[in-house]
Amino acid sequence: MPARRVYLETYGCQMNVADSELIVGALGRAGYEPAASPEDADVLLVNTCAVRDNAEQRVIGRMGELQRFKRPGGVLGVVGCMAQRLGARLLEEVPRVDLVVGPDAYRNLPRLIALAADGERVTDTAFRAWEHYEDVPPVRPPGATQFVTVQRGCDYRCTFCIVPYTRGPERSRTLEDVVAEVRSLASGGATEVTLLGQTVNSWRADGNDFADLLRAVGTVDGIRRVRFTSPYPTDFTQRVIAAMAETEAVCEHVHLPAQSGSNRTLRRMLRRYTRERFLEVVGELRAAIPGITFSTDLIAGFPGETEADFAETLSLVQEAGFDDAYTFRYSVREGTPAVKLRDHVPEEVAAERLERLIAVVRTAARRRNLARVGTVHETLVERPSRRGGFLLGRTRGNHLVLLDLPASALGGYRQVRLTGTTGSTFTGEVVAPQLAVL
Ligand code: SF4
């Protein structure tokens, strides 16, 4: 078969970015080559997100644009969570789409693309609870920092969330497979890995738990930093906290999704903790890991949320001491249990609450960040910044720092003094030469 060229666009979370690397790997094995633009491609694929309605609307709009580039005999396909959620309905909604493939069917893509190229309109949205893509080598851009999927799917049933219906049941890769992948990344130059899973700290395989995984990955030669996202608050066992504290490579930052600060709302969301338990977990992590920072996810305007409930979310921002928060207005997701809840909050009320929430998060972050100016942090120089000539580095606590360094510094570590802050990011100056990679 002559090499065919594939153009792939990715929307949504880090897990989707990692899945796109798998898709490129699966298609590369079958003789496909990546195309840099839709004009150059025989196969056009969009890897989609279903978490919020506006993400889906954006993709529908983008599919309308991409179909203009479809060649005779070419293929236009939707893959990922939105493909899983809508299935064959997508074939009706976007007339020139030929292919709809969910997250558990990527290994079938070469065969399905061939069918679509022959004129069939195909869907594959079956869940395969055994699927880890262990034998599919992801194709990643080279770099010091890499993402490794350790778990797929989710067994929680938060009432607002579509993920259990788009990614299927939770399953964990084995410790040996994850460690082998991290070793191979380290031998290719990676020094930082982020372990990915929907509730990553509930990872469990062959009698090993997440504490074992952190210790094993954290001691791979060449790995200097380990991060993970996203954990579930009450899956932080004492063993996991001890492993974080005792494994030098594990960074002092946790993205800890709270969603709400109100017990009433947390119950309606079917989050399996109270505000008090959430704060206890924050306290346990702070006590064990000096200097640890937290970011979170918060939803404004969940069905039934009163002004008093919302005030508890605002006060949680202060009490937990989040450094950053991804804030969202509740988005109705057809097929999730929350659709059936009564007392949906009017859109204008939810929008106004979101604005207030953003303001409180920003003010709190600014105050905390101002107090950090003057402190010194190990910083990985990650990428060029959009601000001319500067590079962007990241501290172990997950703060971004603008650095005036030459491009040759990319991928290296520096000791950096924070010299100022815009409120969210920092400026910094190097106070020590390049640190040797472990
Ligand atoms: S834990 Fe809840 S919010 Fe997270 S992916 Fe699972 S169902 Fe969704």
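**Sheet, domains, ligand**

I traced an open sheet of six strands, all pairing parallel, in the order β2-β1-β3-β4-β5-β6. Strands here are DSSP E runs of at least two residues, helices H or I runs of at least four, both numbered from the N terminus. Pairing takes at least two DSSP bridges between two strands.

This is a predicted model; local features need pLDDT of at least 70, side-chain atom pairs count only at pLDDT 80 or more, and totals for chains, interfaces and linings use all residues. Residues are numbered from 1 along each chain as its sequence is written.

Strand β1 (residues 5-10) runs parallel to β2 and is joined to it by two bridges. Val6 has Pro34 in β2 as its bridge partner.

Next, the helices. Helix α2 (residues 53-66) packs on the sheet, touching β3 (43-48) and β4 (75-80), with its direction at about 175 degrees to that of β3. Contact means C-beta atoms, placed from the backbone, within 7 Å. Axes are lines fitted to C-alpha atoms, for helices over the stretch in contact; angles run from 0 to 180 degrees between N-to-C directions. Helix α5 (residues 109-117) lies across β3, β4, β5 (99-101) and β6, at about 160 degrees to β5.

I looked up the domains. The assignment, automatic or from a database, gives domain 1 (5-124), domain 2 (145-371) and domain 3 (376-435). The C-alpha centres of domain 1 and domain 3 are 36 Å apart.

Last, which residues surround the ligand? Among them are Cys154, Tyr156, Arg157, Gln198 and Tyr232, counted when the C-beta atom, placed from the backbone, lies within 6 Å.

Key: Two residues are in contact if their C-beta atoms, placed from the backbone, lie within 7 Å.
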